[in-house]
Each structure stands twice: as structure tokens, then as C-alpha cells.
Amino acid sequence: WQESGRYDDYGKEMLRINDRQDRNYLYGPTNEELITDIFRSNVSSYKDLPLTLYHIQWKFRDELRPRFGVMRGREFYMKDGYNFDLNEKEAIHAYNRHFVTYLRTFNRMGLQAIPMKAETGPIGGNYSHEFLVLANTGESTVFFDKTLLHMDTGQEKLDYNVNEDIEKLVKKFTMPYARTEDTHDENLFLEVSEERRIESKAIEVGQIFYFGTKYSEPMKATVVNPDGKRVPVHMGSHGIGVSRLVGAIIEASHDEKGIIWPEPVAPFFAGLINLNYKDEECLRVCKKIYEKLGANGIDILYDDTAERPGAKFAKMDLIGLPWQIVVGPKGLAEEKIELVYRRTGETTLLPLGKALEKLTLAHNSLAEG
């Protein structure tokens, strides 16, 4: 950190401490220096490039006002990828690969994360994009072209080594105006037709950077190039706030009853509600449902507590699992159970076999998608 200059430059968000021997320590808010040190200690030839090292760990920032639970905490869980490339062209390709990968990753989570031009901040570098999820409780103010809300990342297979295909998709998502408040240009924004201009609150869930030789030059992270010369590598970093994502998903997907988990990231696929835990037939059918769906690889949260039905429904709505399976004496008298789709509230009465078939098909189509 002293080699790169960030030990003094980072600011008060980096917590520095001294031990009894007056040795300096710090809590890592981000770890470009550590990863660069690992690289220079182990890699010396261009033949080992391109290379991406991943760092997935709890990190710490001494926030002035920690708030919003996991949204702005001092301690947070991050997935970071640090790329090392021989030159700027190859490093930009790595940047574009991460750009597209992040778009598709958030899309698979059931989130619409809009990429926006952002400040590089204390991490530094030549340019950066943040990925933000729209939410009324978001900390960031964002300005963007409405057309971005209707863009599709596509589900076709991509060869991430074909730069032209990746670059084409990046251009598609970066051509419309989209900026955070730190990079917002009102004059450029006014060039967007009025009906397409949107100002909103949003939550940052990821950010990518290209910073060239900002760290490799002062830290002498070099490789021998094809001409036999030692040159500093070009670098970038790419992070997803894993712990923050939990809060962001909830803020972006809920109603007055509670959470509505997007199906790809729900902690359980369905909640099983036994309306009468003393009824032997209810117990038998619930056990059968739980075991049969579990055998098909479907995670079920089984509420067999002694609470009243109203409390069970309220709790299950609050937890917000995609499906609810309701088993009660009245339904079983008609040889049916009730399925509730949490997002729409749609309720269906079905024979047990049909209900299990419907849930299994829904789960399998999700896995295939």
C-alpha cells in the first residue's frame, strides 16, 4: 500500500492501526496491492497471460455513518476479479468480458442492473462502470435513457474470446446515456428526448475498472514481452458486493407483505404450510410432498409449527419464497392442495399429483434457464 501510494491517499475510510511494536497495519477495503504482489512474486512471462486472480472475502471500510444494514456496513463480503494483461488492447477486452458477464449474471439473478459510467474513486484508473439496481431506497441518484430498461442481454451462447462479439454487446449498452451523479452531464442528458429521460434512485451492486499500469508500474509488476523486454502489465478489477446484493434484491423486489424473492436466488423454491399439525392426514400428505420434492432436488421450507393459519400465511408472505404449498383438512377432503405463486398471488387448487408435477416442471425450467 505504501508502494502504490494509496496508504496515504485512500482517505479515512481505510482503517489504519499500530500495534505495541508501532508496526503499521490496515483493514483492506479493496486489495489491488495484495493481488499485484502475489502476481509479481509468481509470474514473469507474457506466456502466462492473460490471467485473472479472484479474491472473495470479507472487507472493511470505516464508513462515517454505517446504515441500511448490509447496504452500507463497515464489513462487507466481496467477490473481486483482478485481470493482468500484456497491453491496453487485451486489458480492454478483459474489461468488456467482465462487463457482459456481469450483465448476464445479474440478469440470471432476476435483477435488471443498469451499467452506468462512474467515477473511479480511490481505486483509480482510466474508466469504470457501475451496475445499479433501481430502488426508491437507493443511495445513488442516477440519470439514464429509458431505452436501457427494455434492452436484453440475450441468452445465446457467447465466445468470450471473440472480442468483436463482446464489444458489440458492450456498445449496445453504453451508447444510451447512463451516468451516476458523480459523472452526470446535464447538457448531454438534455440531448435525450424528454419522454426517455429518467432520474431515479438506485443501489450499486457491482463495479468494474480498467486502471492500466497504476499499480504495476510503482510495484514493478512486470513480464518479459515477446521482444524480450520487461514491461509493466495492464490491470483491471471487477467487483460484486455479494452481501449487499441480498439487501438490493429485497429493496428491488418486495410488496407490502414482505419479500418477493426472484426464483433463481430464492433460499428455498417453495414453502410448505401445514394448516393443522395435529391432523394425521395433513401430516401424512405434507411428509409425502416434502420427501418427493426433496428427492427431485427441490428445496422446501416446511412450516409444521403450532401457529395459527393466519400467522403461518403472514410469515410465509414475509419470507417471500416463490411458491407456497398449502395443505389443510378442507382441501384434502376434496383430494386437493393449494398452490400460491407469491409474485402474483395467483392461487390454484389441484390434486396432489398435478400440483407436484407443476412445481417440478417450474423448478426444472428454472434450472435449465
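Colleague: In what order do the strands of the open sheet of 5 strands stand?

Modeller: The model is a predicted one. In it, this open sheet has mixed pairing, and the strand order is S16-S15-S17-S18-S19.

Colleague: Which strands stand at the edges of that sheet, each with a single partner strand?

Modeller: An edge strand has a single partner, so one of its sides is left without a neighbour in the sheet. Neighbouring strands here are turned by 20 degrees against each other on average, direction ignored. The strands at the edges are S16 (300-303) and S19 (347-350).

Colleague: How many bridges join strand S15 to S16, and do they run parallel or antiparallel?

Modeller: Strand S15 covers residues 270-274. Within this pair, Ile273 stands opposite Asp303 of S16. S15 and S16 run parallel, and the number of bridges joining them is 4.

Colleague: Which helix packs on the sheet, touching S15, S16 and strand S17?

Modeller: The helix in question spans residues 309-319, and S17 comprises 323-327. Its direction makes about 175 degrees with that of S15. This is helix H8.

Colleague: Turning to the helices, are H3 and H4 parallel or oblique to each other?

Modeller: Helix H3 (residues 88-108) and helix H4 (residues 163-174) have their axes 9 Å apart and pack at an angle of about 60 degrees. The crossing of H3 and H4 is left-handed. Angles of 65 to 115 degrees count as roughly perpendicular and those under 35 as roughly parallel. The relation of H3 and H4 is therefore oblique.

Colleague: How many nonpolar, polar and charged residues does the contact of H3 with H4 have?

Modeller: H3 contributes His93, Asn96, Arg97, Phe99, Val100 and Leu103. From H4 come Asn163, Ile166, Glu167, Leu169, Val170, Phe173 and Thr174. By class, the contact has 7 nonpolar, 4 polar and 2 charged residues.

Colleague: Is Val170 buried or exposed?

Modeller: Val170 lies in helix H4. Leaving aside neighbours within four places in sequence, Val170 is in contact with Asn96, Phe99 and Val100. The cut-off for burial is under 20% relative accessible area. Val170 has 9% relative accessibility and therefore counts as buried.

Colleague: For the protein as a whole, what percentage of the residues count as buried?

Modeller: The protein contains 10 helices and 19 strands. Along its principal axes, the C-alpha trace spans about 80 × 60 × 40 Å. Of the 369 residues, the share that count as buried is 45%.

Key:
Residues are numbered from 1 along each chain as its sequence is written. This is a predicted model: local features need pLDDT of at least 70, side-chain atom pairs count only at pLDDT 80 or more; totals for chains, interfaces and linings use all residues. Side-chain values use heavy atoms; hydrogens and water are left out. Two strands pair if DSSP finds at least two bridges between them. Helices (H or I, at least four residues) and strands (E, at least two) are DSSP runs, numbered from the N terminus. Axes are lines fitted to C-alpha atoms, for helices over the stretch in contact, and angles run from 0 to 180 degrees between N-to-C directions. Contact means heavy atoms within 4.5 Å. Angles under 35 degrees count as roughly parallel, over 145 as roughly antiparallel, 65 to 115 as roughly perpendicular and the rest as oblique. A crossing is left-handed if the near helix is turned anticlockwise from the far one by less than a right angle, and right-handed if clockwise. Ala, Val, Leu, Ile, Met, Phe, Trp, Tyr, Cys and Pro count as nonpolar, Asp, Glu, Lys and Arg as charged, and the others, Gly among them, as polar. Buried means under 20% relative accessible area, exposed over 50%, partly exposed in between (1.4 Å probe, protein chains only).
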